[in-house]
Amino acid sequence: MAHPTRRVLVVGGGTAGSVATLSMRQHGVDVVLAERQTNWSTVGHGITLQGNALRALQQVGVADEVLAAGYPWDRVRFRSADGGLINEMPMPPLGGPDLPAGMGSMRFHLQRVLSEAVDASGAEVRLGKGVDDVLDDGADEGVSVTFSDGSTERFDLVVGADGIRSTIRGLIGIQEQPESVGMAIFRMEGPRPAAMTCSELFYGGPRYKAGFTPTSQDRMYAYIIDEDRRIEDYGDRPLHELMMERSQGYGGLWDEIRASMGAETLIDYRTLEALQIRGAWHRGRVLLIGDAAHACPPMLAQGAAMAAEDGVVLGELLGAGNDTEKVLAQFMDRRQRRAQMVVENSVQLAKWELAPETPGADAPGLMGRSMAVLAGPY
Ligand SMILES: Cc1cc2nc3c(=O)[nH]c(=O)nc-3n(C[C@H](O)[C@H](O)[C@H](O)COP(=O)(O)OP(=O)(O)OC[C@H]3O[C@@H](n4cnc5c(N)ncnc54)[C@H](O)[C@@H]3O)c2cc1C
């Protein structure tokens with residue numbers, strides 16, 4: 001029997017969960033959003049939002065505010081380790097001609113804009129609330145959810161937007177787990193050198209790659225992609241000292257960036273991981289979206305874009321009033337191939353960065369083909 005989706009629980013209020021909530025609210029669906037953090041803040045690292053991410057954000061009405069808090073750009077520069085210019089390439093406008101090709105921003109700006117929009121959307125937001133169990137009784141009965149405070153409630157659909165270490169994924173018996181791609185990343189946030197006007201990537205240096213992106217008129221983030229070592233293996237040295245050391249050998253604006261690093265600098269270190277679920281991203285009426293379903297290393301800077309696109313598409317399909325099972329099948333049709341392409345190509349690019357002498361390695365070609373697909377409809 002047909003069973004339309006009237007009331008949805010979204011678990012996780014990051015990019016995927018927030019955009020899905022906004023899109024569902026636009027289409028008249030009742031949403032409860034449960035976010036386990038109490039203050040819904042995000043630690044502050046930089047993020048690159050490409051045109052297709054901006055297009056998805058525009059569809060849920062927040063692109064202007066996100067753009068106002070960031071630094072848009074339309075080109076990328078490739079450099080040798082000493083800072084010499086190899087190539088300057090215009091970026092394709094993946095979001096169409098009315099949006100910038102891309103922008104740098106800080107995650108907390110993006111999250112602030114999304115959270116405020118979710119609050120204004122009429123969704124019921126429950127902060128400090130996780131989910132301990134989900135039970136789909138099948139047929140038309142919906143899903144029974146046990147929250148971390150012991151309360152239970154029923155929903156027509158549960159959306160697990162709870163990130164790469166998703167609890168919901170485990171609860172519905174999907175076995176795939178994130179795996180290291182063999183690299184780690186140091187990321188720092190700091191003042192923008194005046195000459196930094198777009199993303200720049202440095203190849204051929206002592207580490208796999210280095211780069212930076214302006215995030216506002218005053219600020220930027222910079223990163224070093226390095227071997228995958230446990231941070232403990234470096235001893236108990238402070239992160240800014242380590243990043244300063246690991247960035248030696250990179251020139252150009254890196255001299256200015258290093259000079260700005262100190263004990264107060266916001267620095268993050270983590271292994272780069274990928275996750276791909278081979279089959280459907282749902283079991284019964286419990287669906288995974290965003291990093292919970294597909295996560296990629298940032299070689300194409302597409303993780304948040306895929307998360308946002310998932311959210312937009314889910315809202316559109318639910319708004320059409322179709323039976324939930326049909327919506328889930330349509331969702332997989334529209335999302336799986338595209339997200340899978342992003343994960344596979346990002347992992348391939350990571351492999352070529354690990355072993356640049358690999359016969360047939362063609363990073364620019366693969367990036368170009370990926371961008372051509374991403375510029376298309378989803
Ligand atoms: C080093 C690095 C650099 C990156 N750079 C870029 C980039 O430049 N551009 C880009 O597009 N992408 C980038 N990404 C990827 C991007 O960050 C992710 O793809 C994106 O944040 C995924 O969003 P999400 O909403 O799916 O997950 P998340 O942002 O992880 O959000 C999940 C949310 O769920 C909440 N949660 C978790 N468990 C529970 C639970 N049990 N109950 C309730 N709430 C829960 C969490 O608190 C969190 O708020 C990068 C990733 C990494 C690791």
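Colleague: What makes β3 and strand β7 (residues 102-106) a pair, and in which sense do they run?

Modeller: Two strands pair if DSSP finds at least two bridges between them. Here β3 and β7 have five bridges, in the antiparallel sense. So they count as a pair. Within β7, Gly104 stands opposite Thr48. Strands themselves are DSSP runs of E, at least two residues, and helices are runs of H or I, at least four, both numbered from the N terminus. This is a predicted model: local features need pLDDT of at least 70, side-chain atom pairs count only at pLDDT 80 or more, and totals for chains, interfaces and linings use all residues. Residues are numbered from 1 along each chain as its sequence is written.

Colleague: What is the order of the open sheet of three strands, and which are its edge strands?

Modeller: The order is β3-β7-β4, with antiparallel pairing. β3 and β4 (71-73) are the edge strands, as each pairs on one side only. Neighbouring strands here are turned by 25 degrees against each other on average, direction ignored.

Colleague: What makes the open sheet of six strands mixed, and what is its order?

Modeller: The order is β8-β2-β1-β12-β19-β18, and the pairing is mixed. β8 (124-127) and β18 (282-283) each have a single partner strand, so one side of each is left without a neighbour in the sheet. Further in, β1 (residues 7-11) and β12 (residues 157-160) run parallel, joined by four bridges.

Colleague: Which residues of helix α6 (residues 239-246) are called buried?

Modeller: Met243, Met244 and Arg246. Buried means that 20 or more other C-beta atoms, placed from the backbone, lie within 10 Å of a residue's own. These three are buried, so each meets that cut-off. The buried residues of α6 pack against β13 (179-191), β16 (219-227), α7 (254-260) and β17 (266-276). Contact here means C-beta atoms, placed from the backbone, within 7 Å.

Colleague: How many residues surround the ligand, and which are the closest?

Modeller: There are 31, and the closest are Gly12, Gly14, Gly163, Gly290 and Gly303. A residue is near if its C-beta atom, placed from the backbone, lies within 6 Å. The largest share of the shell, four residues, comes from α8.

Conventions
Buried ≥ 20, exposed ≤ 12 C-beta atoms within 10 Å, placed from the backbone. Contact = placed C-beta atoms within 7 Å. Axes fitted to C-alpha atoms, helices over the stretch in contact; angles between N-to-C directions.
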